[in-house]
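Please keep the structure open while reading.

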Amino acid sequence: MTTSFGGAASSVALNDHHRSQIPTFHGFRPAYASSLTRNALTLPSSSRSLSLIRAVSTPAKPETATEKRSKVEIFKEQSNFIRYPLNEDLLTDAPNINEAATQLIKFHGSYQQYNRDERGTRSYSFMLRTKNPCGKVSNQLYLTMDDLADQFGIGTLRLTTRQTFQLHGVLKKDLKTVMSTIIRNMGSTLGACGDLNRNVLAPAAPILRKDYLFAQQTAEDIAALLTPQSGFYYDIWVDGEKFVTSESPEVVRARNDNSHGTNFPDSPEPIYGTQFLPRKFKIAVTVPTDNSVDILTNDIGVVVVTDDDGEPQGFNIYVGGGMGRTHRLETTFPRLAEPLGYVPKEDILYAVKAIVVTQRENGRRDDRKYSRMKYLISSWGIEKFRSVVEQYYGKKFEPFRKLPEWEFKSYLGWHEQGDGSLFYGLHVDNGRVAGKMKKTLREVIEKYNLNVRITPNQNIILTDIRPSWKRPITTTLAQAGLLQPRFVDPLNITAMACPAFPLCPLAITEAERGIPDILKRIRTMFEKVGLKYNESVVVRVTGCPNGCARPYMAELGLVGDGPNSYQIWLGGNKNQTSIAQSFMDKVKVHDLEKVLEPLFYYWKQKRQSKESFGEFAGRMGFEKLKEYVEKWEGPVVSPTRYNLRLFSDKETYEAMDGLAKLQNKTAHQLAMEVIRNFVASNQNGKSE
């Protein structure tokens with residue numbers, strides 16, 4: 001059973017920011033797929049209300065000639081649903097796996113890596129990534145991951161920008177033990193990597209409010225809907241043992257519904273087929289104003305819409321976001337998602353499925369650089385994309401509902417949940433839980449039997465805390481360096497970095513290991529140019545252009561473009577609603593002050609009221625900013641100004657004012673001149 005591939009649109013001009021051409025792809029439909037005609041009924045599922053929206057027809061797929069496919073597409077086709085040759089390669093004595101298995105193990109939630117700091121023979125290991133919709137982690141799973149990090153990893157846990165754990169340094173011989181242990185302790189790594197839907201984001205805060213609870217439940221339902229069904233994961237890691245997972249009836253109905261030709265009727269993967277998706281696929285769900293999830297960076301962004309009483313009614317849907325790009329290839333680019341439309345709440349799973357199928361059928365499979373859905377939408381335009389999605393959805397989208405302004409929310413510090421309990425958000429630099437911090441965090445979570453949430457900003461939230469536990473927990477964690485947010489440098493609060501060296505095979509330069517020093521240097525620059533301690537900029541650093549730490553949304557993004565070298569991006573904002581632009585290439589790490597110091601200085605001197613650094617950069621324009629950098633000779637040290645009241649009575653002022661006018665000066669200027677002369681004569685011993 002295999003997916004049929006529809007024809008993607010030929011090359012067209014991109015949006016305003018990307019007018020270059022994406023190379024044309026005409027699609028293909030392999031001969032072996034010709035027998036997989038989908039059911040295309042004329043009526044939608046009886047469980048769905050058509051309300052006042054008319055049904056539309058199922059799209060007809062044109063037959064096209066077989067064309068070039070990427071190597072990964074062939075690996076998937078020949079894998080027996082992501083099993084072969086991984087299942088055989090795992091049994092060999094070699095410390096690594098072959099090329100095909102390396103691609104397939106991603107679907108199981110793992111990447112093969114080696115230590116790039118070492119020279120000579122490669123020391124292979126594997127990174128495992130969990131899948132935790134909404135960032136939810138049970139007490140049992142947290143303690144299990146903590147144990148596994150010590151027993152089979154490098155002794156650290158990493159919190160990711162998609163609300164998951166990463167466990168580094170697992171040897172091939174230990175993979176099955178680690179994977180099966182995660183599965184048996186309420187966890188999973190299935191689909192955390194690979195060409196399918198990744199972890200679904202939602203606000204991590206355990207706030208007992210209808211819209212937050214509904215957003216989190218929706219994220220979990222979408223994750224369940226798009227979870228692979230063919231059993232390859234359990235066949236390999238727990239020898240086919242079945243594990244019961246809770247799925248709502250709505251999820252089962254939406255997955256099985258084939259009213260509009262979305263499914264492969266007889267396939268063990270009804271939505272994905274043998275070929276799965278062209279590339280990774282990312283989804284986030286949130287509520288109005290809460291942009292803790294970077295909603296516009298996802299392939300699909302889902303926003304709960306409520307009535308005046310706070311009761312959820314439906315969802316606004318954004319599509320087409322994505323961060324990855326390739327250096328020196330202008331046809332690749334980061335992109336913000338754009339509005340698609342509104343759907344009633346009972347239709348969200350069908351709408352999401354229709355979008356996924358549109359990408360499955362039309363996304364490019366010949367060149368993986370252009371396989372993300374953002375390129376399909378940039379090529380087609382949103383109107384054509386919406387029209388095709390509607391055919392798989394079976395309805396027209398309603399107009400997008402008006403939303404309030406977005407706001408980044410970190411949920412750090414102490415907060416009430418709404419049920420009498422508290423939650424405590426803890427800042428973790430770059431998401432790396434290690435050393436004394438790791439030991440103490442485990443002790444607190446274990447002692448108080450706490451559940452955990454991981455945030456999209458690489459931080460951690462402890463939930464369900466009794467008020468009487470607040471003081472001892474605060475004190476214990478502070479002693480291990482987990483401080484309340486008011487004691488953390490504001491630069492660190494919003495900063496993020498990807499792991500990069502030494503284990504990421506794609507890294508060009510440092511990120512996680514380099515950002516602590518970079519932030520300290522930025523703080524020193526702030527002090528030098530006169531910026532206050534409570535002022536900050538959103539800094540994100542990645543070791544390559546793939547954008548895992550979402551640097552293209554930062555006010556200041558540093559993207560590795562060579563050894564000890566960064567491409568500088570400017571123009572994002574604190575609320576993560578505008579995309580940055582490339583400002584300067586090949587800036588060596590030791591030269592950052594030459595570029596950033598003048599920018600910070602002129603931001604302080606020329607900004608408008610409450611204007612952030614990113615907004616300032618956008619308003620001034622890059623030509624002017626580069627002029628500041630080129631002519632920079634250091635900050636101008638202005639004389640200290642004091643607000644003194646020089647005149648205590650009207651008569652003295654009027655007399656001084658009269659004398660001042662004779663010299664074409666103000667009374668204040670003349671008075672200050674007299675005072676300075678008097679002080680100077682005293683200092684030189686000339687006073688009488």
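In this predicted model, Val 319 has Glu 338 of β9 as its bridge partner. Strand β8 (residues 312-319) and strand β9 (residues 338-344) pair over 6 bridges, in the antiparallel sense. Strand β7 (residues 300-306) also runs antiparallel to β8, and 7 bridges join these two strands. Here Gly 301 has Tyr 318 of β8 as its bridge partner. The hairpin of β7 and β8 has 5 residues between the strands, and Gly 310 takes a positive phi near 80° in it. Strand β8 is mostly covered, with 7 of its 8 residues buried.

Val 305 belongs to strand β7. Is Val 305 buried or exposed? Its relative accessibility is 12%, so Val 305 counts as buried. Leaving aside residues up to four places away in sequence, Val 305 touches Glu 311, Pro 312, Gln 313, Gly 314, Phe 315, Asn 316, Tyr 342 and Arg 401.

**Aromatic pairs**

The count of aromatic pairs comes to 26. One of them joins Tyr 318 and Phe 400: the ring centres are 5.0 Å apart and the planes stand at 70°, so the pair is edge-to-face. Tyr 318 sits in strand β8, while Phe 400 sits in the loop between α11 (382-393) and β10 (413-416), so the pair ties together parts that are 82 residues apart in sequence. Tyr 318 is buried, at a relative accessible area of 8%. Phe 400 is partly exposed, at 27%.

Trp 603 and Phe 613 make another pair, with ring centres 5.5 Å apart and planes at 70°, so it is edge-to-face. This pair links distant parts of the chain: Trp 603 lies in helix α16 and Phe 613 in helix α17 (residues 613-620), 10 residues apart. Why does Trp 603 count as buried? Because its relative accessibility is 3%, and the cut-off for buried is under 20%. Phe 613 also counts as buried, at 1%.

The table puts the two pairs side by side.

| Ring pair | Centre distance | Plane angle | Class |
|---|---|---|---|
| Tyr 318 and Phe 400 | 5.0 Å | 70° | edge-to-face |
| Trp 603 and Phe 613 | 5.5 Å | 70° | edge-to-face |

Elsewhere, which residues form one aromatic cluster? The members are Phe 107, Phe 232, Tyr 272 and Phe 276.

**The five-stranded sheet**

An open sheet of 5 strands runs in the order β15-β16-β17-β18-β19, with mixed pairing. Its edges are β15 (496-497) and β19 (581-588); each has a single partner strand, so one side of each is left without a neighbour in the sheet. Strand β18 (residues 565-570) pairs with β19 over 5 bridges, in the antiparallel sense. Across that pairing, Tyr 566 stands opposite Val 587 in β19. Helix α15 (residues 515-529) packs on the sheet and touches β15, β16 (539-542), β17 (556-562) and β18. The direction of α15 makes about 145° with that of β16.

Helix α16 lies across β17, β18 and β19. It runs at about 140° to β19.

**Helix against helix**

Helix α16 (residues 592-606) also packs with helix α18 (residues 622-630). The angle is about 115°, and the axes are 8 Å apart. The crossing of α16 past α18 is right-handed. Which residues of α16 meet α18? Lys 594, Val 595, Pro 598, Leu 599, Tyr 602 and Lys 606 do, against Leu 625, Tyr 628 and Val 629 in α18. The residues of this contact divide into 7 nonpolar, no polar and 2 charged.

**A buried loop residue**

Where is Val 200? Its place is in the loop between α5 (175-184) and α6 (210-225). Val 200 counts as buried, with 0% relative accessibility. Val 200 and Ala 284 are 84 residues apart along the chain, yet their C-alpha atoms are separated by 5.4 Å. Residues up to four places away in sequence not counted, Val 200 touches Pro 133, Cys 134, Gln 163, Ala 219, Ile 222, Ala 223, Ile 283 and Val 285.

Notes. Residues are numbered from 1 along each chain as its sequence is written. This is a predicted model: local features need pLDDT of at least 70, side-chain atom pairs count only at pLDDT 80 or more; totals for chains, interfaces and linings use all residues. Side-chain values use heavy atoms; hydrogens and water are left out. Axes are lines fitted to C-alpha atoms, for helices over the stretch in contact, and angles run from 0 to 180 degrees between N-to-C directions. Helices (H or I, at least four residues) and strands (E, at least two) are DSSP runs, numbered from the N terminus. A crossing is left-handed if the near helix is turned anticlockwise from the far one by less than a right angle, and right-handed if clockwise. Contact means heavy atoms within 4.5 Å. Ala, Val, Leu, Ile, Met, Phe, Trp, Tyr, Cys and Pro count as nonpolar, Asp, Glu, Lys and Arg as charged, and the others, Gly among them, as polar. Buried means under 20% relative accessible area, exposed over 50%, partly exposed in between (1.4 Å probe, protein chains only). Two strands pair if DSSP finds at least two bridges between them. Rings of Phe, Tyr and Trp (its six-membered ring) pair if their centres lie within 6.5 Å; planes under 30 degrees apart count as stacked, over 60 as edge-to-face and the rest as tilted.
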